[in-house]
Amino acid sequence: MALELPPDIHAEALASLERYLDEHLGERLGNVATSALLNFFVEEIGPAIYNRAVADVQQRLTARVQDLDFEVHEEAFTYWSRRSAKGRGRKA
């Protein structure tokens with residue numbers, strides 16, 4: 001699955017990358033060159049970040065599913081034990 005940035009996110013990332021290059025490296029690349037660099041980062045490094053995020057989500061979901069039994073568990077066949085605990089059992 002190829003990663004693609006939505007147009008608004010791409011524009012913000014492009015502006016941020018242009019600013020970074022200018023302020024930290026003293027380089028002013030054109031919009032086309034900076035866009036090509038951003039696309040390289042997304043294509044080359046993006047999948048590693050994406051895969052790590054998916055693994056993190058899987059880990060969190062697995063933990064939540066394991067806790068589900070404790071959160072929603074209901075004991076079965078408790079009618080008689082509840083009645084005898086209340087002292088309302090049927091007497092002979």
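The protein exposes about 8,400 Å², and carbon and sulfur atoms supply 56% of it. Accessible areas come from the Shrake-Rupley method with a 1.4 Å probe, and for residues only the protein chains shown count as cover. This is a predicted model, in which local features need pLDDT of at least 70 and side-chain atom pairs count only at pLDDT 80 or more, while totals for chains, interfaces and linings use all residues. Residues are numbered from 1 along each chain as its sequence is written, and side-chain values use heavy atoms, with hydrogens and water left out.

### Overall form

The secondary structure comes to four helices and zero strands. Along the sequence the pattern reads α-α-α-α. Helices (H or I, at least four residues) and strands (E, at least two) are DSSP runs, numbered from the N terminus. The protein is more spread out than a compact globule, because its radius of gyration is 29 Å, well over the 12 Å that the globule rule gives for 92 residues. That radius is taken over C-alpha atoms, and the rule is 2.2 Å times the number of residues to the power 0.38. Along its principal axes the C-alpha trace spans about 95 × 25 × 20 Å.

Buried residues make up 9% of the 92 residues. Here buried means under 20% relative accessible area, exposed means over 50%, and partly exposed lies in between (1.4 Å probe, protein chains only).

### Charges and salt bridges

The protein has 11 positive and 15 negative side chains. Lys and Arg count as positive, Asp and Glu as negative; His and the chain ends are not counted. The centres of the two sets lie 29 Å apart. Each charge is placed at NZ of Lys, CZ of Arg, CG of Asp or CD of Glu.

A search of the whole structure finds four salt bridges. A salt bridge is a side-chain nitrogen of Lys or Arg within 4 Å of a carboxyl oxygen of Asp or Glu. The table includes three of them.

| Salt bridge | N to O distance |
|---|---|
| Glu-23 and Arg-19 | 2.7 Å |
| Arg-52 and Asp-56 | 2.4 Å |
| Glu-71 and Arg-64 | 3.8 Å |

Glu-23 and Arg-19 both lie in helix α1 (residues 7-25), four residues apart, about one turn of the helix. Both are exposed. Arg-52 and Asp-56 are also four residues apart, in helix α3, and are separated by about one helical turn. An α-helix has 3.6 residues a turn, so residues three or four places apart point the same way. Asp-56 is partly exposed, with a relative accessible area of 32%. Glu-71 and Arg-64 are each exposed.

### A nonpolar patch

Phe-40, Phe-41, Ile-45 and Ile-49 make a nonpolar surface patch of about 380 Å². Patches are made of residues with over 30% relative accessible area and no salt bridge; like charges are joined within 9 Å, nonpolar side chains (Val, Leu, Ile, Met, Phe, Trp, Tyr) within 5 Å. Phe-40 lies in helix α2 (residues 31-44). Phe-40 is partly exposed, at a relative accessible area of 45%.

### Around α4

Phe-77 sits in the loop between α3 (46-72) and α4 (79-86). Phe-77 has a positive phi of about 55°, although it is not a glycine. At 86% relative accessibility, Phe-77 counts as exposed. Helix α4 is hardly covered: among its eight residues, the count of buried residues is zero. Just after α4, Gly-87 takes a positive phi of about 75°.
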